[in-house]
Amino acid sequence: MALTNNFRSKLPDLPTSIFTIMSSLAAKHKAINISQGFPDFDTDPMLVDLVAEAMLKGHNQYAPMAGTYSFREAIAQKIESLYGASYHPESEITVTSGATEAIYSSVSAFVREGDEVIVFKPAYDCYEPAILANGGVPVFVQLKNKDFQIDWAAFRSKITPRTRMVIINSPHNPSGTVFSKGDMHALQNALRDTDIILLSDEAYEHIVFDGLEHESVARYHELRARSIICASFGKTFHTTGWKMGYCVAPQELMQEIQKIHEFNVFSVSHPMQRALTEYLKIPDKYLALNAFFQKKRDLFLDGVKDSRFSFTPSQGTYFQLLDYSKITDENDVDLAKRLTIEYGVASIPISVFNEDQLDYKMLRFCFAKKNETLEKATEILSKI
């Protein structure tokens, strides 16, 4: 039957995701797809074997709503060992269907009609739809220039009595920058004496380069008391298709998030939780990622160092921005499509993540790929 005139979309102006557009274009033209953020290499066979073992042992029914207790214990131990912060497995940790569900459930738990949520731009594209779907108002702070630094005075000017939440992301997708200690202290000072909730997207926490450290919100007691941290095992262990993530927060925040999580997905894959519990007992499985991905970043950059692209090496994530301003004045969306169709290399334009589609003449490339994939791509890019 036809929909009545009373039907109104909650997201009427939501565009098709740039990831869908570029991946579809790459498939159509058989291009090397280094656009979307997923590896083209397999995960550790040991982890696959652990999942199979859990299945064979009969762990195939619903897991507890918040996650198996042993898995939450393993997550708590990992966080404490890395950041010196204590989260109680029973009341302050929830296993989620990827970091995206953790983010959506967190926004849904606290953002009401008319609440303002500050978002730093460029921003990963799941934040704004979650805010809008819950009646919130996104308020943007554009990161400055091509080095994507934060204007903290501009940030403070956006805080109003209606500000309900601030969303941060470090290591930052798509820029590849990371928050410094100075940034964290500036954030802490700006939020002091407010009741604003901080949502910290730390999906790439284990991928930081050149001796830098990930400044997790968990390191900062004053911030931790108001914060929800969302993280991803898919990004960490090359299993994005498993949709395994988690969030941690003080109990008074977590109990509200769980009310949304319970009636959204209820629980997530039981055998995978069992497997990851065992896998986390070997810290090198995630501690070695910095060096692993830095080699891939350096391979990619070495391949384009003599090209007409310019760059600043990524500080974190598995993304690298290339500046093409010496090559063409084209809009970045147009160039990304043309590179895919004419040259056979797919990337992601940055303007789609910026406030007012600000075009810095930069494209994002994913280097979480096999070495041969990166070598083929950079050979092509170097000829442009």
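Let's start at P174, which sits in the loop between β5 and α7. Keep in mind that this is a predicted model. Most peptide bonds are trans, and most residues other than glycine have a negative phi.

D193 is not a glycine, yet its phi is positive, about 70°. D193 belongs to the loop between α7 and β6 (197–201). Is D193 buried or exposed? With 77% relative accessibility, D193 counts as exposed. K243 is another non-glycine with a positive phi, about 55°. Look for K243 in the loop between α9 and β8. Its relative accessible area is 37%, so K243 is partly exposed.

Now the helix. α3 covers residues 69–83, which makes 15 residues. From first C-alpha to last, α3 reaches 21 Å, close to the 21 Å expected at 1.5 Å a residue. Just past the end of α3, G84 has a positive phi of about 70°.

Which residues of α3 are buried? They are F71, R72, A74, I75, A76, K78, I79 and Y83. In an α-helix there are 3.6 residues a turn, so residues three or four places apart point the same way. The cover over the buried residues of α3 includes β2 (93–96), α9 (233–236) and β8 (245–248). α11 (270–279) and α12 (284–287) also belong to that cover.

Next, the core. In soluble globular proteins, nonpolar side chains tend to be buried together. Here the largest nonpolar core has 54 residues. I75, I79, F120, F155, V166 and F233 have the most contacts inside it. α3 supplies the largest share of this core, six residues. Take I79: leaving out residues up to four places away in sequence, I79 touches G84, A85, Y87, A218, Y246 and V248. There is also a second, separate core of 36 residues, and F319, F353, F365 and I384 are among its members.

F120 deserves a stop. F120 is part of strand β3 (residues 116–121). Its relative accessibility is 6%, so F120 counts as buried. Beyond its neighbours within four places in sequence, F120 contacts V141, L143, I150, W152, F155, V166, I167 and I168.

How many cavities of 30 Å³ or more does a search of the whole structure find? Three. By class, the lining of the largest cavity has ten nonpolar, four polar and one charged residues.

The second largest cavity holds about 50 Å³. Its lining residues are K78, I79, Y83, E202, E205, S216, A218, I229, Y246 and V248. α3 and β8 are the elements that give two or more residues to this lining. α3 gives the most, with three. By class, the second largest cavity is lined by six nonpolar, one polar and three charged residues.

Conventions: Residues numbered from 1 in each chain as written. Predicted model: local features only at pLDDT ≥ 70, side-chain atom pairs only at ≥ 80, totals over all residues. Heavy atoms only, no water. Helix = DSSP H or I, 4+ residues; strand = E, 2+ residues; numbered from the N terminus. Expected span 1.5 Å × (residues − 1). Buried < 20%, exposed > 50% of the residue type's maximum accessible area, 1.4 Å probe, protein only. Contact = heavy atoms within 4.5 Å. 1 Å grid on protein atoms, 1.4 Å probe; cavity = no way out; pocket = protein on both sides within 12 Å on 5 of 7 lines; lining within 4 Å. Points joined across faces, edges and corners; volume = space filled by probe spheres on them. Nonpolar A, V, L, I, M, F, W, Y, C, P; charged D, E, K, R; others polar. Core = buried A, V, L, I, M, F, W, Y, C linked by side-chain atoms within 4.5 Å.
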